[in-house]
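Subject: Structure handover

Hello,

Here is the structure for your files. My notes on it follow below.

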Amino acid sequence: MTQTSDNVTWLTQEAYNKLKDELEYLSGPARTEIATKIAAAREEGDLRENGGYHAAKEEQGKQELRVRQLTQLLQHAKVGEAPADDGVVEPGMVVTIAFDGDENDTMTFLLASREYASGDIETYSPQSPLGVGVNGKKAGDDAEYELPNGKKASVKILSAKPYTG
């Protein structure tokens, strides 16, 4: 999936293609659509009190920010293979942990860049405290990470499988 190390982002070919397609859409057809919306709203008259115009301009700003983010991400991307199904926690893996070793108190999440966040599964960045704590561990290992209040939390890695979503 993705691992950011300094300026390099590692992506699978599938992820790279998906992000490239999104960039092409936002840079082409989506720009045309938003320009049309802005032009139509501008023709409605006074721009100071034109809610449609301001909404379209805000949408355009968000879209342009996403274009810049995708452009930078893809410029620094290295395409590689999906992680091996070897039980070692690394970006691109779906990880199940037990808090304080209690197998009744578990959480499953995807360790990956926020680019992969979806409603299907919670996503933690490899640079997050939890991500740093579990990265490189194997199923059965214990890991520790720092909570926002400065205290330490311990988890046991129950499983790590490649994300197939």
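How many helices and strands does the protein have? There are four helices and eight strands, where helices (H or I, at least four residues) and strands (E, at least two) are DSSP runs numbered from the N terminus. Along the sequence their pattern is β-β-α-α-α-β-β-β-β-α-β-β.

This is a predicted model, in which local features need pLDDT of at least 70 and side-chain atom pairs count only at pLDDT 80 or more, while totals for chains, interfaces and linings use all residues. Residues are numbered from 1 along each chain as its sequence is written, and side-chain values use heavy atoms, with hydrogens and water left out.

Overall figures: of the 165 residues, 35% are buried (under 20% relative accessible area; exposed is over 50%, partly exposed in between; 1.4 Å probe, protein chains only). Contacts are heavy atoms within 4.5 Å; among those between residues at least 6 apart in sequence, 50% join residues at least 24 apart.

Cores. A nonpolar core is a set of buried Ala, Val, Leu, Ile, Met, Phe, Trp, Tyr and Cys residues joined through side-chain atoms within 4.5 Å. The largest has 16 residues, and Ile97, Phe109 and Val134 have the most contacts inside it. At least two residues of this core come from each of strand E4 (93–99), strand E5 (106–111), helix H4 (129–134), strand E7 (142–146) and strand E8 (152–162). A second, separate core has 11 residues, including Ala15, Leu23, Leu73 and Leu74.

Phe109. With 0% relative accessibility, Phe109 is counted as buried. Leaving aside residues up to four places away in sequence, Phe109 touches, among others, Met93, Ile97, Leu130 and Val134. Phe109 is in strand E5 and Tyr124 in strand E6 (residues 123–124), so the pair ties together parts 15 residues apart in sequence.

Helix H2. This helix (residues 29–42) has 14 residues and spans 20 Å from first C-alpha to last, close to the 20 Å expected at 1.5 Å a residue (1.5 Å times one less than the number of residues). Its buried residues are Ala30, Ile34, Ile38 and Ala41. They fall within an arc of 70 degrees seen down the axis of H2, so they line one face of the helix; the arc is that of the directions from the helix axis to the C-beta atoms. Helix H1 (13–27) and helix H3 (51–75) are among what covers them. Thr32 and Thr36, on the other side of H2, are exposed.

Regards
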